[in-house]
Structure formats: C-alpha cells, structure tokens
Amino acid sequence: MDDKEFFQAVADRAGLSREEAADLTRATLETLARRLSDGEARDLALELPERLRDSFERGRGEMEIFDADELIRKVSERTGLTRSETGRGVRAALVALQGAISQKEFEHAMSQLGKGYAQLVESAAG
C-alpha cells in the first residue's frame, strides 16, 4: 500500500476528503510516534511506505504517555477537524496502518499503546 492508497482508505472509511484524510493521517502518525518507545517507533517506521515513514519519523523523540482520547484531542488540535471527524479519522488511520504493516509489528505497537487504542481499532474494523 502506498501513501495515496493509505490516504484514500482513510478518506473512504472516515467520510473525509482526501486532503483532510492526508492531513489527519500525517498528524496521527506523528502523534503516535511520540507515544511509542524509540525502538518500536523505528521498527514500525521501517514497514511504512516512504512518505508515511517521513511523517512517523518527524514525531519520534522522547516517549510521552497519553491515552486514546488524548490522541484524538491532539490530532484534532493539529488538523482543525471536529472531535467527531478526528475520532472517525484516527480509527480509520489505525485500521489502514494495520493493513499496511505486518501483523506482528502491529501487535507489538498495540501492546505498547494499550487497551484504549486497541478498542479504537476494534470499533472501526466492525
């Protein structure tokens, strides 16, 4: 899956324009990178298409702890989308991420992120 396919998948699932989905995806990946350990962020980034990897790499740094609701709040602030739009978009981006990387790597990331993040994926996949 390349970045354009990724953005389109997010747009279709979240009911956003492709431009909104691209902005939201970049913001989601950058914010998620801050939530993961440096090693996990590096491993996950290696499996992403190059342009998405760049977004993920921009977010890497010292690990921050925040829950799934805070992820949505942070992404909403960065994109200017409503909380509802952002919630749908973050869920869609996580499902697209699951499809873009190996199941093993996705499970490693989810184990670090915690139950709230897994619930976002489950609610979007259903």
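**Reading a cavity and a buried aspartate**

Modeller: The structure holds one cavity of 30 Å³ or more. Keep in mind that this is a predicted model.

Colleague: What volume does the largest cavity have?

Modeller: A cavity is a space where a 1.4 Å probe fits but cannot get out. Here, the volume of the largest cavity is about 40 Å³.

Colleague: Which residues line the largest cavity?

Modeller: Look for Leu32, Leu36, Leu44 and Phe56, then Leu94 and Leu97, then Phe106, Ala109, Met110 and Leu113.

Colleague: Which helix gives the largest share of that lining?

Modeller: That is α7, with four residues. Two helices, α6 (83-100) and α7 (103-113), each supply at least two lining residues.

Colleague: How many of the lining residues are nonpolar, polar or charged?

Modeller: The lining of the largest cavity has 10 nonpolar residues, no polar ones and no charged ones.

Colleague: Now to Asp3. Where is Asp3 found?

Modeller: Asp3 sits in helix α1, which spans residues 3-14.

Colleague: Is Asp3 buried or exposed, and why?

Modeller: Buried means under 20% relative accessible area. Asp3 counts as buried because its relative accessibility is 10%.

Colleague: Which residues is Asp3 in contact with, leaving aside its neighbours within four places in sequence?

Modeller: Asp3 is in contact with Pro49, Arg51 and Leu52. With Arg51, the two side chains make a polar contact at 3.2 Å.

Colleague: What separates the C-alpha atoms of Asp3 and Arg35?

Modeller: Those C-alpha atoms are separated by 22 Å. Along the chain, Asp3 and Arg35 are 32 residues apart.

Terms used
Residues are numbered from 1 along each chain as its sequence is written. This is a predicted model: local features need pLDDT of at least 70, side-chain atom pairs count only at pLDDT 80 or more; totals for chains, interfaces and linings use all residues. Side-chain values use heavy atoms; hydrogens and water are left out. On a 1 Å grid over the protein atoms alone, a cavity is a set of points where a 1.4 Å probe fits but cannot get out, and a pocket is an open set with protein on both sides within 12 Å along at least five of seven lines; lining residues have an atom within 4 Å of a point. Grid points are joined across faces, edges and corners, and a volume is the space filled by probe spheres set on the points. Ala, Val, Leu, Ile, Met, Phe, Trp, Tyr, Cys and Pro count as nonpolar, Asp, Glu, Lys and Arg as charged, and the others, Gly among them, as polar. Buried means under 20% relative accessible area, exposed over 50%, partly exposed in between (1.4 Å probe, protein chains only). Contact means heavy atoms within 4.5 Å. A polar contact is a pair of N or O atoms within 3.5 Å; within protein, one must be able to donate a hydrogen and the other to accept it, and residues adjacent in sequence count only if both atoms are side-chain atoms.
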